[in-house]
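Here is a short briefing on a structure. Look at the sequence and the coordinates first, then read the notes.

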Number of protein chains: 2
Amino acid sequence: MQRKAVVLLSGGIDSTTTLAIAKSQHFQIHAISFRYGQRHALELECARKIAAHFHVEKHLIFDLDFRKIGGSALTDNLEVPKLRELSKIAAEIPVTYVPARNIIFLSITLGWAETLGAYDIFIGANVLDYSGYPDCRPEFISAFENMANLGTKAGTEGNRFSIHAPLIRMTKAQIIQKGFELGVNYSMTISCYDPSPDGKSCGSCDSCLLRKKGFLEAGIPDPTVYR
Amino acid sequence: MQRKAVVLLSGGIDSTTTLAIAKSQHFQIHAISFRYGQRHALELECARKIAAHFHVEKHLIFDLDFRKIGGSALTDNLEVPKLRELSKIAAEIPVTYVPARNIIFLSITLGWAETLGAYDIFIGANVLDYSGYPDCRPEFISAFENMANLGTKAGTEGNRFSIHAPLIRMTKAQIIQKGFELGVNYSMTISCYDPSPDGKSCGSCDSCLLRKKGFLEAGIPDPTVYR
């Protein structure tokens, strides 16, 4: 029987590449996305198309209102910073930081994985472009894995959970090259923190800047429609 | 300024006693409860009254649909076991186990705590009566604390989160005695997994059996209305 995996799928470059990697390792894929009060629902639309494209076994969209716990430009009405220096993006914890977001996403994913009998969880966390996000660092990923194995029935009964973060030390360019080799069509993905209602990317938020630079350095044409 | 704490409040004996303990330690209390698709909403009603009684600064009720991730008699339509041996309750992981429940609850609490600037989180986890629940063990609590400090902005910037589980090694009788000393009125709390619509406890599920035994051993009259 095919081993099951659960992939966290946001609809961006990193999670889509991660899904393609899990698929290439012959897992039966379950994908999970979160409707968490993000200011644009566009990324969930992308996640849906990507899940369908990759023929995942099941795609779960889980509702969770982060606005209730507050504290970030991605869910509150703070302004998304534009045209920042890339060195600053890497060094600081930005206002777009959502408190404990990956911790919460991974925890819910863990609950679903335990129900499914899936002991491999894939997340597109990446430390290089976002070194400012503490929940994207390798030390965090392994601390989460350890906690998960102590705090679940499956973990304590001998089915060890593995948290895979295959992109963790890759640059955006390396990620894009890897996805390109695996046949990922990045026009299905979205990165922008502040897209227009018709789905065009702003081209100047942290996430757009990193995306542009990634395609440039990878030497692969950027299929994104910027406004 | 008073130090802030967040208390996970389910409306049962353990979380209510934990709240009273945090209050006695002079924290400014924020309470969080979860509407997670439990089969009875009665415990949220109890949580509301308890939060008001203790004059908490804020009581957040967070919605989260556990039915989507499945796997438990508390949220699915499995039958709640009745009149089991107490030794069995302590030894097994019961069907009422909800996959990763405390992990998910603690993660969301952590996100809210970070937004509030509260670095003390109190949970009524208890290893003796429920040794079958992996997410009630001390090793799990300290693994979670470690993960939380690696995975949050506050944790990495020098504000260490502490996860307090003051009841972790207490018997139900000791918990009830402690709460009694602190003036807790246990008639406001509910333990039953399967109460009648008018709020009466069944008296025979695992949770009712442990409650009855606790009052008996504490030598304190049980104020619960059993049907």
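Predicted model: local features only at pLDDT ≥ 70, side-chain atom pairs only at ≥ 80, totals over all residues.

Residues are numbered from 1 along each chain as its sequence is written, and chains are lettered from A and ligands numbered from 1 in the order in which they are written.

**Fold of chain A**

- Chain A holds eight helices and five strands. These are DSSP runs, numbered from the N terminus: H or I of at least four residues for helices, E of at least two for strands.
- The order from the N terminus is β-α-β-α-β-α-α-β-α-α-β-α-α.
- Of the 227 residues in chain A, 51% are buried. Buried means 20 or more other C-beta atoms within 10 Å of the residue's own, exposed means 12 or fewer, and partly exposed lies in between, with C-beta atoms placed from the backbone.
- Take the contacts in chain A between residues at least 6 apart in sequence: 71% of them join residues at least 24 apart. A contact requires C-beta atoms, placed from the backbone, within 7 Å.

**Pairing of chains A and B**

- A rotation of 180° with 0.0 Å of shift along its axis puts chain B on chain A, at RMSD 0.0 Å. That is the relation of a two-fold axis.
- The contact draws 37 residues from chain B and 37 residues from chain A.
- On the chain B side, strand 3 (58–63), helix 4 (101–116), helix 5 (138–151) and helix 6 (153–156) each supply at least two residues. Helix 4 of chain B gives the most, with ten residues.
- By class, the chain B side has 19 nonpolar, eleven polar and seven charged residues. Ala, Val, Leu, Ile, Met, Phe, Trp, Tyr, Cys and Pro count as nonpolar, Asp, Glu, Lys and Arg as charged, and the others, Gly among them, as polar.
- The copies meet through the same surface, because 100% of the interface residues of chain B are also interface residues in chain A.

**Leu64(A)**

- Leu64(A) sits in the loop between strand 3 and helix 3 (86–91) of chain A.
- Leu64(A) is buried, with 20 C-beta neighbours inside 10 Å.
- Beyond its neighbours within four places in sequence, Leu64(A) contacts Phe34(A), Tyr36(A) and Leu64(B).

**Helix crossing in chain B**

- The axes of helix 1 (residues 13–24) and helix 7 (residues 172–181) of chain B come within 9 Å and cross at roughly 40°. That makes helix 1 of chain B oblique to helix 7 of chain B.
- Ile13(B), Asp14(B), Thr16(B), Thr17(B) and Ala20(B) in helix 1 meet Ile175(B), Ile176(B), Lys178(B) and Gly179(B) in helix 7.
- Axes are lines fitted to C-alpha atoms, for helices over the stretch in contact, and angles run from 0 to 180 degrees between N-to-C directions.

**Positive phi**

- Most residues other than glycine have a negative phi.
- His26(A) has a positive phi of about 70°. His26(A) lies in the loop between helix 1 (13–24) and strand 2 (28–35) of chain A, and is exposed, with 10 other C-beta atoms within 10 Å.
- His55(A) has a positive phi near 50°. His55(A) lies in the loop between helix 2 (42–53) and strand 3 (58–63) of chain A, and counts as exposed, with 8 C-beta neighbours inside 10 Å.

Terms used:
Parallel < 35°, antiparallel > 145°, perpendicular 65-115°, else oblique. Contact = placed C-beta atoms within 7 Å. Least-squares fit on C-alpha atoms with pLDDT ≥ 70 in both.
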